[in-house]
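Subject: Structure handover

Hello,

Here is the structure for your files. My notes on it follow below.

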Amino acid sequence: MFSTSSLSVGYNKKVLINGINISVAPGKIISLIGPNGSGKSTVLKTLVRELEILGGSISVCGKDISKEKNDFVARHISMVMTERLHPELMTAKEVIATGRYPYTGRLGILSDEDWEKVDDAIKTVHCQDISELDFNFLSDGQKQRIMLARAICQDTEILVLDEPTSYLDMKYKLEFLQVIKKLAEEKNKIIIMSLHELDLVRV
């Protein structure tokens, strides 16, 4: 379902890491482990085509994503990155709903089915109590849960998560990872994430 072959990643045409070979089947979780600055985010940003592929290839559903359009990538890969969104006058639920935009067409109008997926994502990450609040007034930990819900309701086979437990207290780190594990086991999702906390790897 998802693989890389001799992948090279970096910035401004300069290769930082090369020879990356990854193969992940549905229902599995793969974690990139390393300290801050080791290149984990660079790899993940390349996997979702946020950064240019500097060598090798990335295959999703048997297709080389460098040859596919953006909507193909958006319908197969969702992501939660460390960078923070700063939407104006949007509730948490409205931010989550933007995960449905790859399916709504140019007008961005959500159907009843789209809103059902939004509600299901809200329940999955247990954020019903904050869904109607202004996103910008939420804590960093709450925002992280909202961004996971956004990725979930995008309804892709593959979730790419960059340091998903950052900004969370230990209780919520464990809860967050259990949600991710459940997505892999029960929804057959492919999860590719980075962590720098070794004690969380086997949770």
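**The loop at Leu133**

Leu133 sits in the loop that links helix 4 and helix 5. Helices here are DSSP runs of H or I with at least four residues, strands are runs of E with at least two, and both are numbered from the N terminus. This is a predicted model: local features need pLDDT of at least 70, side-chain atom pairs count only at pLDDT 80 or more, and totals for chains, interfaces and linings use all residues. Residues are numbered from 1 along each chain as its sequence is written, and side-chain values use heavy atoms, with hydrogens and water left out.

Leu133 counts as partly exposed, at 42% relative accessibility. The scale is as follows: buried is under 20% relative accessible area, exposed is over 50%, and partly exposed is in between, with a 1.4 Å probe and protein chains only. Beyond its neighbours within four places in sequence, Leu133 is in contact with Met90, Thr91, Ala92 and Leu138. Contact means heavy atoms within 4.5 Å. From Leu133 to Gln144 is 11 residues in sequence and 14 Å in space, C-alpha to C-alpha.

**Helix 5 against helix 6**

Gln144 belongs to the contact between these two helices. On the helix 5 side are Gln144, Arg145, Leu148 and Ile152; on the helix 6 side are Phe176, Val179 and Leu183. By type, the residues of this contact are five nonpolar, one polar and one charged. Nonpolar covers Ala, Val, Leu, Ile, Met, Phe, Trp, Tyr, Cys and Pro; charged covers Asp, Glu, Lys and Arg; the others, Gly among them, are polar.

The packing angle of helix 5 and helix 6 is about 10°, and their axes are 12 Å apart. Axes are lines fitted to C-alpha atoms, for helices over the stretch in contact, and angles run from 0 to 180 degrees between N-to-C directions. Helix 5 and helix 6 are therefore roughly parallel to each other. The cut-offs are under 35 degrees for roughly parallel, over 145 for roughly antiparallel, 65 to 115 for roughly perpendicular, and oblique for the rest.

**Two cores**

The largest nonpolar core holds 33 residues. Such a core is a set of buried Ala, Val, Leu, Ile, Met, Phe, Trp, Tyr and Cys residues joined through side-chain atoms within 4.5 Å. Ile96, Ile146, Leu148, Leu159 and Leu161 have the most contacts inside this core. At least two residues each come from helix 3 (92-97), helix 4 (112-124), helix 5 (140-153), strand 8 (158-162), helix 6 (170-187) and strand 9 (190-195). Helix 5 gives the largest share, seven residues.

A second core is separate and has 23 residues, including Ile22, Leu44, Val60 and Ile158.

Four strands form an open sheet in the order 4-9-8-7, paired in parallel. Two strands pair if DSSP finds at least two bridges between them. Strand 4 (29-33) and strand 7 (77-80) are at the edges with a single partner strand each, so one side of each has no neighbour in the sheet. The twist averages 15° from one strand to the next. Strand 7 and strand 8 are joined by four bridges. Met79 is opposite Val160 in strand 8.

Helix 1 (residues 40-47) packs on the sheet and touches strand 4, strand 7, strand 8 and strand 9. The direction of helix 1 makes about 155° with that of strand 9. Helix 6 lies across strand 4, strand 8 and strand 9, also at about 155° to strand 9.

**Helix 1 and Leu47**

Seven of the eight residues of helix 1 are buried. Leu47 is in this helix, and its relative accessible area is 0%. Apart from neighbours within four places in sequence, Leu47 is in contact with Phe2, Thr4, Leu7, Ile58, Ile65, Ile77 and Ile192.

**Strand 1 and its partners**

Strand 1 (residues 2-11) pairs antiparallel with strand 5 (residues 55-60) over five bridges. Ser3 has Ser59 as its bridge partner in strand 5. Strand 1 also pairs antiparallel with strand 2 (residues 14-20), over four bridges. These two form a hairpin with two residues between them, and Asn12 in the turn has a positive phi of about 50°.

Best wishes
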